[in-house]
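Here's a quick briefing to read alongside the model. Keep the 3D view open and click along as you go.

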Amino acid sequence: MAELVFFSGTMDSGKSTLALQTDYNYAARGRTGLVFTRHDRAGAARISSRLGLETGAREVDDSTDFWWVVEQERQRGRLVDYIVCDEAQFYSPAQVEQLARLVDEVEIDVFAFGITSDFRTRLFPGSARLIELADRTEILQVQALCWCGRRATHNARTVGGVMVVEGEQVVVGDTTAEAIVAYEVLCRRHHMRRMTAASARQRASAHESRLDLP
Ligand SMILES: Nc1ncnc2c1ncn2[C@@H]1O[C@H](COP(=O)(O)OP(=O)(O)O)[C@@H](O)[C@H]1O
Ligand SMILES: Cc1cn([C@H]2C[C@H](O)[C@@H](COP(=O)(O)O)O2)c(=O)[nH]c1=O
């Protein structure tokens, strides 16, 4: 039986790596797959992992109809066995429904990878629909850690080094601190207290200098 599986985790938890490995393993056994992504950091039509792997993929946009793409492949004599979808949080709910139909009606396995919630802790519409429709939702086993050492469960956005909780839902970026807009993974406690690694360090050094006062 084909399945719709949603592999989820925070940013930097190994989702793209697993997407690439999944495609590699299925292709190595002669199965025919399609690989999709949307808004990867490496640019359009790429899947990139921080482990250094990168590969070409089909870029999803608002007009992508997965049902139609699979039908076009069929007309070219290519029967699709599986679909890998990276950055699936950016897909529309309607696109997630097309994927579910492909599982049920064409017996295509769909492996979707994405973050569940945005920098405000709100579900992305695509992820919400995946959670609603998936046969299974798998939390990635590699633990991304908050600066305090707890498991990171939430994604924070920083602008100029300061954590923000308002702004556009979609801003492509990375967890490295150099960019103006960057991301950091945190545990819930520190997300709710708006405490990033930098603000925790500042707070600690302010506390130390107060102790130095006569
Ligand atoms: N230099 C490195 N050596 C070993 N593992 C690394 C290195 N850089 C990144 N990683 C691993 O890669 C993971 C991020 O993988 P990636 O597929 O890019 O994540 P995601 O798609 O979830 O954002 C990190 O959690 C870490 O485990
Ligand atoms: C939290 C959050 C993230 N994004 C963007 C930032 C990255 O480009 C991707 C996530 O990529 P990863 O492979 O999981 O690291 O999503 C965003 O646009 N809005 C957000 O709130």
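Val170 touches His39 and Phe90, leaving out residues up to four places away in sequence; two residues are in contact if their C-beta atoms, placed from the backbone, lie within 7 Å. Bear in mind that this is a predicted model, where local features need pLDDT of at least 70, side-chain atom pairs count only at pLDDT 80 or more, and totals for chains, interfaces and linings use all residues. As for labels, residues are numbered from 1 along each chain as its sequence is written, while chains are lettered from A and ligands numbered from 1 in the order in which they are written.

**The annotated binding site**

- In an unreviewed entry, UniProt puts the annotation "binding site" on Val170, Val171, Val172, Gly173 and Tyr183. UniProt positions are given in the numbering used here, feature names are shortened, and annotations may be inferred rather than shown by experiment.
- Val170 sits in the loop between strand S10 (162–164) and strand S11 (181–186). Helices (H or I, at least four residues) and strands (E, at least two) are DSSP runs, numbered from the N terminus.
- Is Val170 buried or exposed? Val170 counts as exposed because it has 12 C-beta neighbours inside 10 Å. The cut-offs: a residue is buried if 20 or more other C-beta atoms lie within 10 Å of its own, exposed if 12 or fewer, and partly exposed in between, with C-beta atoms placed from the backbone.
- Val171 is in the loop between S10 and S11 too, and it is partly exposed, with 16 other C-beta atoms within 10 Å.

**The annotated active site and its neighbour in sequence**

- UniProt, again in an unreviewed entry, lists Glu87 under "active site".
- You'll find Glu87 in the loop between S6 and H3. Glu87 is buried, since 26 other C-beta atoms lie within 10 Å.
- Not counting residues up to four places away in sequence, Glu87 touches Thr37, Arg38, His39, Asp40 and Gly114.
- Asp86 lies in the loop between S6 and H3 as well, and with 31 C-beta neighbours inside 10 Å it counts as buried.
- Once you set aside neighbours within four places in sequence, the contacts of Asp86 are Ser16, Ala19, Thr37, Asp40, Ile47, Ala57 and Phe113.
- How far apart are Asp86 and Phe36 in space, C-alpha to C-alpha? The answer is 6.1 Å, although they are 50 residues apart in sequence.

**The nonpolar cores**

- In soluble globular proteins, nonpolar side chains tend to be buried together.
- The largest nonpolar core has 32 residues, and Ile83, Cys85, Leu99, Val110 and Ala112 touch the most other members. A nonpolar core is a set of buried Ala, Val, Leu, Ile, Met, Phe, Trp, Tyr and Cys residues joined through C-beta atoms within 7 Å.
- At least two residues of this core come from each of strand S1 (4–8), helix H1 (15–28), strand S2 (33–37), helix H2 (66–75), strand S6 (82–85), helix H3 (93–106) and strand S7 (109–114).
- Cys85 touches Phe36, Tyr91, Leu99, Val110, Phe111, Ala112 and Phe113, ignoring residues up to four places away in sequence.
- There's also a second, separate core of 7 residues, including Phe119, Tyr183, Val185 and Leu186.

- The axes of H2 and H3 come within 8 Å and cross at roughly 45 degrees. Axes are lines fitted to C-alpha atoms, for helices over the stretch in contact, and angles run from 0 to 180 degrees between N-to-C directions.
- That angle makes H2 oblique to H3. Angles under 35 degrees count as roughly parallel, over 145 as roughly antiparallel, 65 to 115 as roughly perpendicular and the rest as oblique.
- H2 brings Phe66, Trp67 and Val70 to the contact, while H3 brings Gln95, Gln98, Leu99, Arg101, Leu102 and Val106.

- Most residues other than glycine have a negative phi.
- Asp12 has a positive phi of about 65 degrees although it isn't a glycine. Asp12 sits in the loop between S1 and H1 and is buried, with 20 other C-beta atoms within 10 Å.
- Thr121, not a glycine either, has a positive phi of about 75 degrees. Thr121 is in the loop between S7 and helix H4 (125–133).

**The whole chain**

- The protein chain has 6 helices and 11 strands.
- Of its 214 residues, 35% count as buried.
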